[in-house]
Amino acid sequence: MKRLTITSILIIIFCATLQAQDSKKMNKKVKKTEKEWRAILTPDQYFILRQKGTDVPGDYGYTNHFEKGTYLCAACNTQLFESNTKYESHCGWPSFDDAIPGKVKFVSDNTLGMKRTEIICKTCGGHLGHIFDDGPKETTGKRYCVNSTSITFVKSED
Ligand SMILES: [Zn+2]
């Protein structure tokens with residue numbers, strides 16, 4: 001009887017440990033060496049996402065794209081923006097007034113003699129764009145100015 005109890009306790013501890021490892025895996029960040037990123041990204045994607053480049057502004061890529069769906073990080077496929085937060089800002093880059101909660105991170109960026117706030121993918125650290133305070137006042141007032149090269153799009157089924 002006593003032996004069985006100890007076995008049960010050990011099983012419970014073992015299962016709890018497995019679960020903890022599982023949840024850790026779920027939140028795991030994507031970490032790759034620059035060589036590994038270079039191997040999986042196109043040269044343009046590598047320049048924008050890993051070297052903090054910026055797309056030339058214009059009416060290409062996802063700038064004027066308004067299909068219903070979700071925008072993913074082009075480097076790690078994490079869902080970042082929903083199409084219902086995308087709006088026409090006429091700035092030449094895809095613009096969103098919000099991100100999917102917990103998916104992006106903000107970092108202050110003082111390069112190019114400007115004080116800006118960089119948006120990065122929380123999962124892989126990829127550079128997405130910058131956030132500004134000139135977004136739609138009726139929603140968040142924020143403009144998530146994102147490079148088309150940093151994202152991919154998945155159309156929703158309905
Ligand atoms: Zn990412």
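Here is a short tour of a sheet, a core and a loop.

Before you click, know that this is a predicted model: local features need pLDDT of at least 70, side-chain atom pairs count only at pLDDT 80 or more, and totals for chains, interfaces and linings use all residues. Residues are numbered from 1 along each chain as its sequence is written.

**Stop one: the sheet.** Helices (H or I, at least four residues) and strands (E, at least two) are DSSP runs, numbered from the N terminus. You're looking for an open sheet of 6 strands, in the order 3-4-8-7-6-5, with antiparallel pairing. Two strands pair if DSSP finds at least two bridges between them. Colour strand 3 (86–87) and strand 5 (104–109): these are the edge strands, and each pairs on one side only.

**Stop two: strand 7.** Now select 127–132, which is strand 7. Is it enclosed or open? A residue is buried if 20 or more other C-beta atoms lie within 10 Å of its own, exposed if 12 or fewer, and partly exposed in between, with C-beta atoms placed from the backbone.

Check its partners next. Strand 7 pairs with strand 6 in the antiparallel sense over 4 bridges; Thr-117 stands opposite Ile-131, and Glu-118 has His-130 as its bridge partner. Strands 6 and 7 form a hairpin with 5 residues between them, and Gly-125 in the turn has a positive phi of about 80 degrees. Strand 8 also pairs with strand 7 antiparallel, over 4 bridges, and there His-130 stands opposite Cys-145.

**Stop three: the core.** A nonpolar core is a set of buried Ala, Val, Leu, Ile, Met, Phe, Trp, Tyr and Cys residues joined through C-beta atoms within 7 Å. The largest one here has 22 residues; among those with the most contacts inside it are Leu-80, Ile-119 and Val-146. Zoom in on Val-146: leaving out residues up to four places away in sequence, it touches Trp-93, Pro-94, Phe-96, Ile-119, Leu-128, Gly-129 and Ile-151. Touching, or contact, means C-beta atoms, placed from the backbone, within 7 Å.

**Last stop: Phe-66.** Select Phe-66, in the loop between helix 3 and strand 1. Phe-66 counts as exposed because it has 9 C-beta neighbours inside 10 Å. Try the distance tool: the C-alpha atoms of Phe-66 and Pro-94 are separated by 9.8 Å.

Technical notes:
Two residues are in contact if their C-beta atoms, placed from the backbone, lie within 7 Å.
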